[in-house]
Structure formats: structure tokens, C-alpha cells
Amino acid sequence: MFYSKHIVVFTLIFQFLQSVSAGESKPSICKASPGSQDWPSLSQWASLNASVSGRLLKPSSPGAVCHPDQPAYNTTECSTLLNGWYTVLLHTENPISSAWNNWNNDSCLPTLPSPCGGEGYPVYVINATSKEDVKAGVDFAREHNIRLNVKSTGHDYLGRSTSPNSLSIWTHHLKGISISKSFKPQGCNFSIEVPAITAGGGNQMGEVNLAASQAGLYVLSGGSKTVSYGGYLTGGGHSALSSTYGMASDSVLEFEIVSPTGEFLILNECQNQDLFWATRGGGGSTFGVITSVTVQAWPEFNFLTTEVSFGTLAGDPSFYPATNYFLSQFPVLSSLGLTSYNFVTGNSSINGTNYSNFKGTFMLPVLSSQNTTSSLTAALTPLLANISTTHPNQTFTTISSVTTWSTFYDWWLTRNSSDYAGVELVVGSRLIGADALRDTAALETALKGVAPSNVSGKGVNFYLLGGNGLTDTVPRGGSDAVNPAWRSSLVHAVTGATWTPLDNVEKEQAVSYFRNTTMQYLRDLDPDSGAYVNEADPNEPNWQQTFWGSNYDRLLEIKRKVDPGDVFWCKPCVGSETWKVIGNRVCRL
């Protein structure tokens with residue numbers, strides 16, 4: 001561990017601070033911060049520490065161990081840190097670090113030369129191991145008007161799991177998994193006759209999947225074992241089986257949370273129904289802190305996969321019409337029960353030669369006698385043959401033999417290499433419907449924009465995830481807050497941008513082009529759709545409609561009811577539009 005386990009003693013005075021943002025005529029009331037009169041005193045922090053049994057931390061910036069001018073400097077720990085900086089695991093196991101540097105404002109990178117300070121990180125952290133620890137943190141932040149941060153793993157593309165000048169609740173150690181053959185929601189007079197798995201608020205996807213597999217079960221989950229399962233669910237949660245079983249949020253049977261008022265609440269279809277609806281898809285760090293969740297599970301099944309690729313030499317004009325044709329067939333593939341994880345790039349180097357390339361893994365769960373190795377191959381082979389015939393001597397096409405996996409989990413494990421972290425990254429996404437995929441002219445324009453053949457390395461993931469499961473699944477209680485655009489979409493398109501750390505000119509160019517040009521191509525492809533809030537740009541325009549569609553008004557009403565003082569605030573989260581970040585402070589508009 002690269003953080004101090006003791007409270008650093010210093011004297012802080014009480015002040016109520018008002019600040020004025022540029023161009024505003026009236027003052028904004030801000031959350032307390034170090035140095036302001038309303039920042040808690042040493043004795044108040046000490047009382048909080050005692051209430052959580054000494055688990056209040058004041059960590060150094062993770063990279064400080066590599067900076068000779070920092071008190072935490074340690075050459076041995078620095079070597080260990082540098083060896084692990086580009087893996088998610090290091091950041092997951094640190095109470096304040098995020099997987100991607102920019103969300104901590106590059107304030108203390110371990111590589112030299114670089115500045116080192118704590119400005120991009122929370123000031124104090126509660127290492128929560130019980131719901132009582134969580135309550136203590138929520139109550140303290142509310143009573144002292146402190147910005148409250150919630151982190152489980154830091155695997156967050158929008159930077160919601162870190163914030164400067166804050167008290168953070170680290171839920172990573174709220175763990176515990178149990179499995180039952182059926183589930184009786186608390187307060188209900190009936191049981192739900194399905195297998196169910198209950199996990200702690202800090203359990204990660206890999207832990208939940210392993211426990212399910214050991215019991216001969218499957219749960220809806222994404223592709224990374226390090227992701228917090230609770231955070232995944234609050235955004236909706238897509239998976240390779242969404243086309244069969246719907247979004248992961250649709251499978252939730254019950255939550256236990258600590259509310260903004262510090263209450264221990266049970267959320268299900270029989271009590272706190274509004275919060276139950278909102279927490280399933282309404283976004284994390286908004287309505288409370290999840291301490292436990294119970295989800296439906298399914299019996300394991302055989303799983304089929306095959307690898308598909310096609311392409312041309314970079315710059316060959318046949319690549320885009322070939323790709324357009326293939327993607328336009330996704331509605332047919334979806335109707336046959338197929339899903340896929342794909343990547344399209346207009347210019348990538350393979351053994352010294354530049355290609356325009358499509359690569360994808362196509363998947364089929366064996367849930368009926370019609371789903372076979374032959375049916376999977378038969379669905380894809382004619383499409384590749386059409387490409388070869390239409391563009392002779394210009395394209396290459398390949399399809400692998402079908403692999404039969406005993407369980408979905410067996411395949412899932414092969415997809416879980418360590419995520420790449422410790423870099424600068426922003427991502428954006430768009431949900432694409434069948435009509436947009438069939439509009440080959442518009443699709444070609446979008447592909448040329450996001451995956452140009454004259455620029456190396458740019459590309460887009462086109463995940464085929466939609467289908468009857470997304471359209472027809474009815475969550476407990478009749479509905480949930482998942483973006484309605486998911487129900488009518490087939491493709492989740494994701495792209496991103498990166499840049500050299502601390503190079504502000506390169507950052508400005510990369511981020512500006514990404515937000516204003518690259519993402520606009522995807523928005524224009526399906527302008528009436530939306531985006532997945534867990535894999536998105538926090539500065540997405542019209543974010544309320546984009547992330548939540550027609551659900552936003554109800555979500556905002558619930559937010560105002562349960563958290564009128566905005567104890568929980570993050571960007572872009574429900575209700576966040578009434579506050580603004582000014583410097584490193586959050587101020588009410």
C-alpha cells in the first residue's frame with residue numbers, strides 16, 4: 001500500500017466561504033474545503049476517526065513515493081509502483097487512485113519530471129468495512145457541508161470515483177457473497193422462485209462471476225473482472241448476453257443502501273419503490289451508497305464463439321462499403337440470437353503493413369436446439385462471401401472454427417487480461433438502432449469520420465448487444481431507470497482519445513477533436529438515440545436526454561425528494577446541473 005494509515009495533525013479554522021464565478025453577479029455557496037471556515041476542526045476529524053474504529057485515512061498521492069521532495073518518498077515502494085502503474089489492479093487497491101490519470105488532474109504522476117501535490121485527490125478517506133462506516137461518512141459530510149466522494153475500484157471512465165477537497169468513502173472492502181435457490185425480498189409476502197446471488201457493495205465482477213460459476217450459475221456482467229459490481233449496475237450494465245436476458249440492472253431483485261440522510265434502506269418492489277427504480281440505471285454516487293445487492297442468476301449453459309475478420313490495404317475505397325454492408329446485417333444476426341464484440345479501424349499496422357480492418361468475436365448461447373456450431377457459421381459465412389464477391393481481389397476475409405465452451409464463464413475468463421491503466425483517457429459512446437445501421441450512406445460517413453483510413457490508430461468498437469432480451473425483459477416492479485434508448489438499439493458504439501501526460505496543447509487538441517468531431521459523427525448517425533452513462537464523456541452535450549431520455553424528469557424528482565441538499569454530487573449525474581466546479585470547489589449556482 002502507498003498511503004499513510006494515520007491522521008496528519010493540523011489546525012483548520014471555521015469559515016463560511018462564498019465565491020463568485022466569472023461573469024456572475026451573485027455569489028455561489030460552495031462546499032467546504034481545506035482552509036475555509038466551515039472545514040471541520042482536528043477534533044471533529046478525530047471524532048469521525050473514532051466512530052469508524054480508526055479507519056479514517058489521510059493518504060498521500062500514490063505517486064508521491066517516487067518524488068524525492070515528498071515525505072512519502074521511498075525508492076523500494078516507488079519501484080513497485082512503477083511496475084504496476086499501468087495495470088488496473090494497483091489503482092483498484094489504492095484508496096484514492098483512479099484507473100486513468102486525468103481524473104486526478106495529473107497532480108502527482110510517478111514518472112519524473114512531474115509536479116506532485118494532492119490537489120486532484122480526496123483529502124480524507126473512510127476505509128469502510130461495514131454499513132455503519134458508510135453511514136458515519138455520509139452523516140459527517142452532510143453535517144459539515146463537505147463534498148462527498150464514493151470509490152469502490154476507481155474503474156470509472158467519467159471520473160466519478162474521485163474528487164478534490166472531499167471526504168471519500170472507499171467501499172472496496174464491503175464484501176461478502178451468498179447464493180440462494182430462491183429469494184424473498186424483505187417486506188414482501190412472496191418469494192421469487194429464481195436462483196439469486198447477494199453481493200457486498202465492494203464485490204468486483206470477477207468475484208461475483210467466480211462464485212456464480214462455482215454454484216453452476218451465470219449472472220449478467222461486463223467484460224472486466226476488476227469493475228465494482230454495484231457501480232456497474234447503477235449505470236444499467238450491458239453484457240454479452242444482454243440480447244438474451246436484458247441489462248444487468250433488469251436482473252436486480254433488491255438493494256441495501258445508506259441514503260443521503262444516513263438511513264439504512266431496503267430497496268425492492270415492496271418498499272422504497274421509487275429509489276429501487278432510480279438506483280437501477282439512474283447512475284452511481286447519486287441516490288445513496290450501495291452496501292448490498294441481490295440479483296437473479298441463471299443455470300449455466302454451453303457457449304459458442306467464432307472470430308471474424310475482413311479488411312483491405314489502408315486507403316482502399318472498398319473497405320467502407322464492405323464494412324457498411326456487414327454492419328447493415330446486424331439486425332438479422334441479432335434476430336438469430338448472436339451478439340458480438342467488434343473493432344473497426346481505418347488504418348492499423350500489421351507486420352509493417354497498414355490495413356483497414358474489421359475484427360470481431362461472435363457469440364451464441366446454446367439455449368435452444370437451434371443454436372449450434374452450424375447455425376453460427378451459417379449466419380456469418382454468406383456475409384463474408386458477399387464481401388469477397390462484391391470486392392474481388394481487394395478484400396481479405398477470415399472466419400475461425402467455432403469453439404464450444406462448457407460454460408459462459410470459461411470463455412469470459414479468457415477475455416480478462418489486465419486492463420490498461422495509468423494513462424490519459426476519455427471515452428464516448430452512442431447507441432445505434434437498426435434503421436441507422438440500414439442507412440448505409442450515413443453509416444459510411446460515420447465510419448470514415450471515426451475510423452479514417454488516413455490516420456493511424458483511430459477506430460471504434462461496434463458491440464452488437466441488442467435483441468429481444470433488451471426489448472422484452474420486464475424488470476421487477478415493471479420498469480427501471482435504464483436509458484430507454486437501450487431498448488430499441490442494437491449496437492453500442494464506443495470510441496476514445498488519449499494524449500501525452502502533462503502536454504496541455506496535445507490534450508486540448510485531442511479532446512477537442514474527440515468531443516466536437518469524432519463523437520459528432522456518431523451522434524449524427526442516430527441523433528434521436530442516446531448513450532451508455534458508464535462509458536461516456538462527462539461533457540456530453542444534452543447529457544440529461546442522452547444518458548436517461550424520458551426517464552430524466554422522474555429521476556430528478558426522486559433526487560430532489562431524497563437528497564434536497566445534494567449530499568451526493570458528481571458530474572454528469574442526476575441533479576448536478578444546479579452546481580458548478582469552480583477551481584477545485586463545488587459551488588451552487
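The structure is a predicted model, in which local features need pLDDT of at least 70 and side-chain atom pairs count only at pLDDT 80 or more, while totals for chains, interfaces and linings use all residues. Residues are numbered from 1 along each chain as its sequence is written, and side-chain values use heavy atoms, with hydrogens and water left out.

C108 and C116 are joined by a disulfide with an S to S distance of 2.0 Å; the term is applied here to a pair of cysteine sulfur atoms within 2.5 Å. In general, such a link is a covalent bond between the sulfur atoms of two cysteines. The torsion about the S-S bond of C108 and C116 is about -75°, so this disulfide is left-handed.

The search of the whole structure gave five disulfides. Counting bonded cysteines along the chain, their pattern reads 1-10, 2-3, 4-5, 6-7, 8-9. One of the five joins C66 to C78, with 2.1 Å from S to S. It links distant parts of the chain, twelve residues apart: C66 sits in the loop between β3 (56-57) and α2 (75-84), and C78 in helix α2. Helices (H or I, at least four residues) and strands (E, at least two) are DSSP runs, numbered from the N terminus. The link of C66 and C78 is right-handed, with 110° about the S-S bond. C66 has a relative accessibility of 3% and so counts as buried, and C78 is buried too, at 12%.

Another disulfide is formed by C188 and C270, whose sulfur atoms are 1.9 Å apart. Since C188 lies in the loop between β7 (178-180) and β8 (196-200) and C270 in the loop between β11 (264-267) and α8 (273-279), the pair ties together parts that are 82 residues apart in sequence. This link of C188 and C270 is right-handed, with 115° about the S-S bond. C188 is buried, with a relative accessible area of 4%, whereas C270 is partly exposed at 29%.

The backbone has some points of interest as well. Most residues other than glycine have a negative phi, and most peptide bonds are trans. The peptide bond from L112 to P113, however, is cis, with omega near 0°, and P113 is found in the loop between α3 (88-92) and β4 (124-127). N165, although not a glycine, has a positive phi of about 55°; N165 lies in the loop between β5 (147-151) and β6 (166-170).

Note on methods: Buried < 20%, exposed > 50% of the residue type's maximum accessible area, 1.4 Å probe, protein only.
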